[in-house]
Amino acid sequence: MTELLRAIGLMSGTSLDGVDVALLATDGQASVTRGPSMAFPYDKAMREALKQGLADAKAIEKRHERPGGLAALERAQTLFHAAAVAAFLKETGILPQDVHVIGFHGQTVLHRPHKALTVQIGDGPLLARETGIDVVYDMRANDMMHGGQGAPLVPVYHAALAEWLGRDAFPVCFVNIGGISNLTAIDRHGEIAAYDSGPGNALIDQWVEAHTGEAFDAGGGIAARGAVREALVARYLGHPFFTANQRLSLDRNDFSPPAKGEASLEDGARSLAHVTAAAIFASARHLPERPRSYVVCGGGRHNRVIMADMAGLAAKDGATVVNADDLGLNGDSMEAEAWAYLAVRSLKGLPLTFPGTTGVVKPISGGVLAKAK
């Protein structure tokens, strides 16, 4: 019988909203038993520090450089993750010695695939020392060294989950709406095609925060009071990203929110919600086969306007849209679960990425192991 390892996954995404923690027991292949999960939101000071970190990171030319306040931020952010792990273990009654490995995503501060440059701040050895658990981190770099885009990495986990859905759902497309949206399509033969699909929550979050000081549009309540500005939508969907022959991975800064005054708060939020939904289907046109069903995870699924727009667009293709939660999955913790799964695959030398996911030249493993002792 294949050995199952208990792994904790840690995800801090491009929305800069906090750290998700999730536990899995898995062999890194078909066997996945999902455990508890928790979210630890960043306070305003940490979010502001991370935003400054994104600005500081623009000066990076080599991936180990830490200009400006990035070195101090990396330490603070790692200690935040360590505290999240400690709180998670205390709440669940799990002992550190009962966890084999932590999959540590870190915080992406720069992603420039055309330069084979990606930077996720996060000190793996420090996290291992603080938690007393081995840590696998820096999982994107090896993919880029072998010609890949360095993203997305979650698809191999989506493929494992897809087996739960039944063959009637295939071809199925998992859509993660974080700061950036990405999709994973799995056909009837288990073949994976995956890539970033466009702006997710980041534009809406930035727009709402600039106008109200709130970090996001809770439930899509602001967008629901607005109207779609077609010219604004067309400007975003006319971006060359959507028509390029090669699918590219995105950095948070590749799309910018509208300038103040281009729309009212409500109309801007409504238009950007539609951009998020429409971008997914614009990118899905590049898939080898149109999906029959779309399973939505990530924070964007809580925005009822995005979900309604997605449902309308899918119906035109005879497809359905379903919230991951309605399938017994956890749409909030799925990326953290994926990082636990990837850490186990890394320990076993199994591929994390494939030509159909990142464009890497061959299936390739990755990650750096930091031992706790």
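Student: Which residue in strand 2 is the bridge partner of leucine 5?
Tutor: This is a predicted model, so let's read the pairing from its strands. Strand 1 covers residues 5-11 and strand 2 covers residues 18-26, and the two run antiparallel with seven bridges joining them. For leucine 5, the bridge partner in strand 2 is threonine 26.

Student: In what order do the six strands of that open sheet come?
Tutor: The pairing in this sheet is mixed. Its edges are strand 3 (32-41) and strand 13 (368-370), each pairing on one side only. Neighbouring strands are turned by 20° against each other on average, direction ignored. Reading across the six strands, the order is 3-2-1-4-7-13.

Student: At about what angle does helix 3 run to strand 7?
Tutor: Helix 3 takes in residues 124-131, and strand 7 is 135-137. The helix lies across strand 7, and also across strand 1, strand 4 (101-104) and strand 13. Its angle to strand 7 is about 160°.

Student: Leucine 16 has a positive phi; is the residue buried or exposed?
Tutor: Leucine 16 sits in the loop between strand 1 and strand 2, and its phi is near 60°. Burial here means under 20% relative accessible area. Leucine 16 comes in at 2%, so it counts as buried.

Student: And alanine 116, what is its relative accessibility?
Tutor: Alanine 116 also has a positive phi in a residue other than glycine, near 50°. Its place is the loop between strand 5 (107-112) and strand 6 (117-121). Alanine 116 counts as partly exposed, because its relative accessibility is 47%.

Student: Where does proline 152 lie, the one with a cis peptide bond from alanine 151?
Tutor: The bond from alanine 151 to proline 152 has omega near -5°. As for its location, proline 152 lies in the loop between helix 4 (141-145) and helix 5 (155-162).

Student: How many residues of helix 5 are buried?
Tutor: Helix 5 is mostly covered. Its buried residues include Pro155, Tyr157, His158 and Leu161.

Student: How many disulfides does a search of the whole structure find?
Tutor: Take cysteine 173, which is buried with a relative accessible area of 0%. Cysteine 297 is buried too, at 1%. Their sulfurs are 9.8 Å apart, and for cysteine 297 that closest cysteine sulfur is too far for a bond. Over the whole structure, the number of disulfides found is zero.

Student: What is the radius of gyration of the chain?
Tutor: The chain has 10 helices and 13 strands. For 373 residues the globule rule gives 21 Å, and the chain's value is close to that, so it is as compact as a globular protein of that length. Its C-alpha atoms fill a box of roughly 55 × 50 × 40 Å along the principal axes. The radius of gyration itself is 19 Å.

Student: What share of contacts between residues at least 6 apart joins residues at least 24 apart?
Tutor: For background, buried residues make up 57% of the 373 residues in the chain. The accessible surface is about 14,900 Å², with 52% of it belonging to carbon and sulfur atoms. Among the contacts you're asking about, the share is 70%.

Technical notes
Residues are numbered from 1 along each chain as its sequence is written. This is a predicted model: local features need pLDDT of at least 70, side-chain atom pairs count only at pLDDT 80 or more; totals for chains, interfaces and linings use all residues. Side-chain values use heavy atoms; hydrogens and water are left out. Two strands pair if DSSP finds at least two bridges between them. Helices (H or I, at least four residues) and strands (E, at least two) are DSSP runs, numbered from the N terminus. Axes are lines fitted to C-alpha atoms, for helices over the stretch in contact, and angles run from 0 to 180 degrees between N-to-C directions. Contact means heavy atoms within 4.5 Å. Buried means under 20% relative accessible area, exposed over 50%, partly exposed in between (1.4 Å probe, protein chains only). The radius of gyration is taken over C-alpha atoms; the globule rule is 2.2 Å times the number of residues to the power 0.38. Accessible areas come from the Shrake-Rupley method with a 1.4 Å probe; for residues, only the protein chains shown count as cover. A disulfide is a pair of cysteine sulfur atoms within 2.5 Å.
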